[in-house]
Amino acid sequence: MREHGLLDWKFKWEKTKRAMGRCWYGKKLICLSKPLCAINKEEDCIDTALHEIAHALAYLKNGETGHGSAWKKWCVMIGAKPQRCYSEKDVVSVPFKYHLINADTQKFICGYHRRPKWTRYALRGNSGKANYLLQVKGVLTRCQLLENKS
């Protein structure tokens, strides 16, 4: 960061599992995801760091936030790919800890990294498993939340 003139900016590792990097303008802070950097290629992590540095430079030098033309210009100047987000085919994601499935068909609906707060309100059947009545694509669906042990 010093190499790019961000002398009073700080770096921090985060536990986030959805965003590989973030730039906090007000805090003068650039963060990278420790879990995502641990399972992805070093070159992708370096590109993410440069991506976030470009955000800081676009903000400081041009007053621009987001992925606009000034950010793209700074990306090219410092060697980052001027792409807004990584794609699932390029970057490995952290597996979800919880899987919401349709209780009748056992089909996967979505995943969660943390246990959702709404799980406090469960209907327990004869099997002892917690069931949730949720609206999935406009239809009330009986669902179960399974913990991924792998």
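His51 has its place in helix α2; helices (H or I, at least four residues) and strands (E, at least two) are DSSP runs, numbered from the N terminus. Before I go on, please note that this is a predicted model, in which local features need pLDDT of at least 70 and side-chain atom pairs count only at pLDDT 80 or more, while totals for chains, interfaces and linings use all residues. Residues are numbered from 1 along each chain as its sequence is written, and side-chain values use heavy atoms, with hydrogens and water left out.

Let me stay with His51. Is His51 buried or exposed? With a relative accessible area of 9%, His51 is buried; buried means under 20% relative accessible area, exposed over 50%, and partly exposed in between, with a 1.4 Å probe and protein chains only. If residues up to four places away in sequence are not counted, His51 touches His67, Trp71, Ala80, Gln83 and Arg84, where contact means heavy atoms within 4.5 Å.

I turn now to the helix pair. Two packed helices are described by the angle between their axes and the distance between the axes. Here, helix α2 covers residues 42-62 and helix α3 covers residues 69-78; their axes come within 8 Å and cross at roughly 125°. The axes are lines fitted to C-alpha atoms, for helices over the stretch in contact, and the angles run from 0 to 180 degrees between N-to-C directions. α2 and α3 are therefore oblique to each other: angles under 35 degrees count as roughly parallel, over 145 as roughly antiparallel, 65 to 115 as roughly perpendicular, and the rest as oblique.

Sorted by class, the contact of α2 with α3 has 10 nonpolar, three polar and two charged residues. In this scheme Ala, Val, Leu, Ile, Met, Phe, Trp, Tyr, Cys and Pro count as nonpolar, Asp, Glu, Lys and Arg as charged, and the others, Gly among them, as polar.

Leu6 lies in the segment before β1 (10-14), and at 1% relative accessibility it counts as buried. Leu6 and Leu29 are 23 residues apart in sequence, yet 9.9 Å apart in space, C-alpha to C-alpha. Leaving out residues up to four places away in sequence, Leu6 touches Met1, Ile30, Ile53, Ala56, Leu57 and Leu60.

Glu14 belongs to strand β1 and, at 12% relative accessibility, also counts as buried. Between Glu14 and Lys34 there are 20 residues of separation in sequence and 5.8 Å in space, C-alpha to C-alpha. With residues up to four places away in sequence not counted, Glu14 touches Arg22, Trp24, Cys31, Leu32, Ser33, Lys34 and Pro35.

Now to the loops. Most residues other than glycine have a negative phi, and most peptide bonds are trans. What is the phi of Lys28? It is near 55°, a positive value in a residue other than glycine. Lys28 lies in the loop between β2 (21-24) and β3 (29-33), and is partly exposed, with a relative accessible area of 30%. Gln106, too, has a positive phi, near 65°. Its place is the loop between β4 (98-102) and β5 (108-112), and Gln106 is partly exposed at a relative accessible area of 48%.

His113 is found in the loop between β5 and β6 (123-124), and is buried, with a relative accessible area of 17%. Apart from neighbours within four places in sequence, His113 is in contact with Lys17, Arg18, Val94, Pro95, Phe96, Lys97 and Tyr98.

Tyr86 sits in the loop between α3 and β4 and is partly exposed, with a relative accessible area of 29%. Setting aside neighbours within four places in sequence, Tyr86 is in contact with Arg18, Met20, Leu36 and Val91.

That concludes my presentation.
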